[in-house]
Amino acid sequence: MHIFLQVLFILVLAGLGYLVTQRFKFIIASIQLAKAIELNDHPSERWKRVILLAFGQKKMFQKPLVGIFHFLIYIGFILINIEILEIVIDGILGTHRIFAPFLGSFYPFLLNFFELLSLGVFVACVAFFLRRGVGQVQRLQSESHRELKGFPIQDAYTILAIECILMLALWTMNASDAILQVRQVEHFEPIGAFLVSQHLMPILSNLTTPVLLILERVAWWFHILGILGFALYVTYSKHLHIFFAFPAAYFSSLEPSSKMGNMPSVTHEVKLMLGQPVEANATTPDQLRFGAKDVMDLTWKNALDAYSCTECGRCTEQCPANQTGRALSPRKIMMDTRDRLEEVGGILAKNKGQWAEDGKSLLGDYISAEELRACTTCQACVEACPMELSPLNIILALRRYQIMEQSDAPVAWNSMFSNIETNQAPWKFNPSDRLNWAKS
């Protein structure tokens with residue numbers, strides 16, 4: 001039986017490992033559909049951002065209580081998984097608490113620390129559950145934000161519930177183990193009870209030894225399978241930011257958030273008009289469309305941002321257009337971009353890397369012209385994002401295509417563009433009269 005369970009565990013571990021690997025390959029391939037961009041300058045500054053934004057979660061603490069709870073879940077997720085290493089080794093080798101003999105008296109201290117962390121994770125998850133369901137935080141309610149309807153809101157509650165159940169399974173396993181130690185059952189090393197799970201021992205102490213042995217194994221299997229299944233589930237969830245927060249922070253823009261990048265095709269044309277030298281291999285306007293119509297026209301950093309979005313809604317909460325009832329939601333921009341990346345990536349995977357036109361595009365089928373026009377480019381969404389992701393860059397790319405390729409702009413905008421082109425000012429004045437206002 002022991003050999004059978006070892007083989008079963010190895011097969012399950014290998015199977016889920018394969019599925020997670022394939023899923024990450026799909027996501028990376030989807031991100032690589034977008035245009036290349038170089039973001040490798042100033043590595044020391046970039047690592048500083050990783051430490052402050054990803055590891056330190058600096059901007060999460062702008063809301064201190066939420067920041068503390070989120071940090072508990074985050075640090076618990078990282079450190080408790082050290083214990084998973086022992087569980088995996090035990091499962092492969094058929095051992096039980098293999099680290100205990102090597103770590104000696106430090107082992108109970110380490111497990112007590114992990115249990116305290118698990119309690120912090122449990123409390124934080126319950127707090128977030130109540131905050132969403134009872135506190136009715138407006139930016140987290142699907143009734144107020146259409147992008148949260150369906151899977152997104154279910155996903156948030158599912159993750160919180162899974163984490164609570166996994167912590168309960170861990171405590172049940174440890175409590176059963178502690179009772180079996182007292183009863184001197186073979187293979188259960190006398191390492192003592194632990195700080196949190198010991199409170200479950202009175203409830204379980206009336207169970208017979210055979211029942212406790214089954215309960216301990218069931219809790220062990222449930223906990224490790226839950227962790228492995230969770231690792232696969234998050235690759236389809238907003239909690240993918242657990243992994244992508246770090247590269248997103250590293251490759252974030254070092255420029256001021258108010259700086260808008262020029263389009264290479266326009267820069268090339270302007271230099272030609274002004275008689276300035278251009279690069280011999282520069283991309284010409286006929287080789288590159290203005291702005292972005294679909295995800296392939298965005299940069300890979302835009303795609304990475306979309307996959308890194310936590311759907312927290314802080315960007316939408318701070319957006320003045322959204323506050324005044326306009327259609328724009330920066331969070332929806334990120335979610336729509338990710339959904340389209342998934343769709344396009346699925347088409348390529350289905351056709352073995354060959355693109356088959358599906359008649360859809362990010363602009364129009366996912367994000368409307370009304371949403372793009374509502375944006376005031378105030379940068380509030382970028383400033384509010386805990387990871388400094390940029391919905392604005394995606395909005396600008398789509399809006400440039402909308403106006404410069406489709407000529408889809410309000411009449412007043414077109415008049416302004418025409419005046420700038422002919423008079424170098426938004427108003428229909430002779431260029432020589434532009435500074436007359438200063439003489440009065």
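Author: In this predicted model, helix 3, made of residues 64-93, and helix 6, made of residues 151-182, have axes that come within 13 Å and cross at roughly 45°. That angle is why helix 3 is described as oblique to helix 6. As for handedness, helix 3 and helix 6 cross in a left-handed way.

Now to the residues that meet there. From helix 3 come Ile73, Ile80, Glu83 and Ile87, and their partners in helix 6 are Glu163, Met167, Leu170, Met173 and Asn174. By class, the residues of this contact between helix 3 and helix 6 split into six nonpolar, one polar and two charged.

Helix 2 (residues 43-55) and helix 9 (residues 241-250) have axes that come within 7 Å and cross at roughly 145°. The crossing of helix 2 and helix 9 is right-handed. On the helix 2 side, the contact is made by Pro43, Arg46, Trp47, Arg49, Val50, Leu53, Ala54 and Phe55, while helix 9 brings Ala245, Phe246, Ala249 and Tyr250. Sorted by class, the residues of the contact of helix 2 with helix 9 comprise 10 nonpolar and two charged, with no polar ones.

Next, the empty spaces. Rolling a probe the size of a water molecule over the atoms shows where empty space is left. The second largest pocket holds about 950 Å³ of space. Its lining has 23 residues, and those closest to the centre of the pocket are Met263, Val266, Met404, Phe417 and Ile420. Two or more lining residues come from each of helix 10 (264-274), helix 18 (391-404) and helix 19 (411-423). Helix 19 gives the most to this lining, with six residues. The lining of the second largest pocket divides into 12 nonpolar, seven polar and four charged residues.

Finally, there are the cavities. Searching the whole structure turns up three cavities of 30 Å³ or more. The largest cavity has a volume of about 110 Å³. Around the largest cavity are 15 lining residues, and Cys309, Thr310, Cys312, Cys385 and Leu389 lie nearest its centre. The lining of the largest cavity is made up of 10 nonpolar, three polar and two charged residues.

Note on methods:
Residues are numbered from 1 along each chain as its sequence is written. This is a predicted model: local features need pLDDT of at least 70, side-chain atom pairs count only at pLDDT 80 or more; totals for chains, interfaces and linings use all residues. Side-chain values use heavy atoms; hydrogens and water are left out. Axes are lines fitted to C-alpha atoms, for helices over the stretch in contact, and angles run from 0 to 180 degrees between N-to-C directions. Helices (H or I, at least four residues) and strands (E, at least two) are DSSP runs, numbered from the N terminus. Angles under 35 degrees count as roughly parallel, over 145 as roughly antiparallel, 65 to 115 as roughly perpendicular and the rest as oblique. A crossing is left-handed if the near helix is turned anticlockwise from the far one by less than a right angle, and right-handed if clockwise. Contact means heavy atoms within 4.5 Å. Ala, Val, Leu, Ile, Met, Phe, Trp, Tyr, Cys and Pro count as nonpolar, Asp, Glu, Lys and Arg as charged, and the others, Gly among them, as polar. On a 1 Å grid over the protein atoms alone, a cavity is a set of points where a 1.4 Å probe fits but cannot get out, and a pocket is an open set with protein on both sides within 12 Å along at least five of seven lines; lining residues have an atom within 4 Å of a point. Grid points are joined across faces, edges and corners, and a volume is the space filled by probe spheres set on the points.
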